[in-house]
Amino acid sequence: MALRDIVIFPDPRLREISQPVETIDEEIRTLVSDMQETMYYNEGAGLAAVQVGAHRCIFIADPVLAGGTREDPTLVYINPEILDSEGDQVGDEGCLSFPGIFVPVPRPSKVTIRAMGMDGETFEQTGEGILARAFLHETEHLNGQLLIDKVGRLKAQFIKRKLKRAADKK
Ligand SMILES: [Zn+2]
């Protein structure tokens, strides 16, 4: 496993569309295991492949989001597709590509996803609360959509300024 660099907004690579995975080969297995190491190292709850600069339709999530523990296998979603959503929730949302930014984003409270697992089998899963939020947030990454698209214009300007200041300091 290897730690990969997180792509930080406004890097244009975050806007590129990810490509579906056809076979789970060595390259994909390495990518997923690197993503796991990178997510946990950065204390993220979810990570899309595009955030480490790999434009493949894959995201992972911390099993804690599904009521498990850190010792459980990382949740892996390949070629995810949102099937259904219902309800409402508002909560603060963050993203490893927007370090230090947490903004309230309204989301459905219950979301059903279909995806392929590392075993190549397709599965469906319904997530509530924070897991529902992660399903939507991470699937949007694969389409080049970002947290900043979910907030108003003023908040978006604030986020851009804050990240620019942080980048200038480096
Ligand atoms: Zn994100």
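This report walks through the fold of a predicted model, from the whole chain down to single residues.

**The chain as a whole**

Let's start with the overall picture. The chain holds three helices and seven strands, and from the N terminus on these elements follow the order α-β-β-β-β-β-β-β-α-α. A compact globule of 170 residues would have a radius of gyration near 15 Å, and the chain has 15 Å, so the two values agree. Buried residues account for 30% of the 170 residues in the chain. As for contacts with a separation of 6 or more, 62% of them join residues 24 or more positions apart.

**The sheet**

Five strands form an open sheet in the order β1-β2-β3-β6-β7, and their pairing is antiparallel. Which strands sit at the edges? They are β1 (46–48) and β7 (122–128), each of which pairs on one side only. From one strand to the next, the twist averages 40°.

| Strand pair | Sense | Bridges |
|---|---|---|
| β2 (residues 58–61) and β3 (residues 75–86) | antiparallel | four bridges |
| β3 and β6 | antiparallel | six bridges |
| β6 and β7 | antiparallel | seven bridges |

I60 has V76 in β3 as its bridge partner. Further across the sheet, S85 stands opposite V111 in β6, and I113 stands opposite Q125 in β7. The hairpin of β6 and β7 has five residues between the strands, and in this hairpin G120 takes a positive phi near 85°.

**Helices on the sheet, and one in the open**

Helix α2 (residues 130–142) lies across β1, β2, β3, β6 (110–116) and β7, and α2 runs at about 20° to β1.

And what about helix α3? Its residues are 153–169, and at 1.5 Å a residue these 17 residues should span 24 Å. The end C-alpha atoms of α3 are 25 Å apart, which agrees with that expectation. Is α3 largely buried or largely in the open? The number of buried residues among its 17 is one, so α3 lies largely in the open.

**The nonpolar core**

The largest nonpolar core has 36 residues. Those with the most contacts inside this core are M35, A49, F59, I60, Y77 and I78. At least two core residues come from each of α1, β1, β2, β3, β6 and α2. Which element gives the largest share? That is α2, with five residues.

M35 is a handy residue to look at in the viewer. Leaving aside residues up to four places away in sequence, M35 touches L47, A49, V52 and I60. I60 is also the residue whose bridge partner in β3 is V76.

**Backbone details to check**

A few backbone angles are worth a look. The peptide bond from F9 to P10 is cis, with omega near 5°, and P10 has its place in the segment before α1.

Two residues other than glycine have a positive phi. One is E43, where phi is near 55°; E43 lies in the loop between α1 and β1. Is E43 buried or exposed? E43 has 8 other C-beta atoms within 10 Å, and the cut-off for an exposed residue is 12 or fewer, so E43 is exposed.

The other is N79, which has a positive phi of about 50° although it is not a glycine. N79 is found in strand β3. With 17 other C-beta atoms within 10 Å, N79 is partly exposed, because a buried residue needs 20 or more.

Note on methods
Residues are numbered from 1 along each chain as its sequence is written. This is a predicted model: local features need pLDDT of at least 70, side-chain atom pairs count only at pLDDT 80 or more; totals for chains, interfaces and linings use all residues. The expected span of a helix is 1.5 Å times one less than its number of residues. Two strands pair if DSSP finds at least two bridges between them. Axes are lines fitted to C-alpha atoms, for helices over the stretch in contact, and angles run from 0 to 180 degrees between N-to-C directions. Two residues are in contact if their C-beta atoms, placed from the backbone, lie within 7 Å. A nonpolar core is a set of buried Ala, Val, Leu, Ile, Met, Phe, Trp, Tyr and Cys residues joined through C-beta atoms within 7 Å. The radius of gyration is taken over C-alpha atoms; the globule rule is 2.2 Å times the number of residues to the power 0.38.
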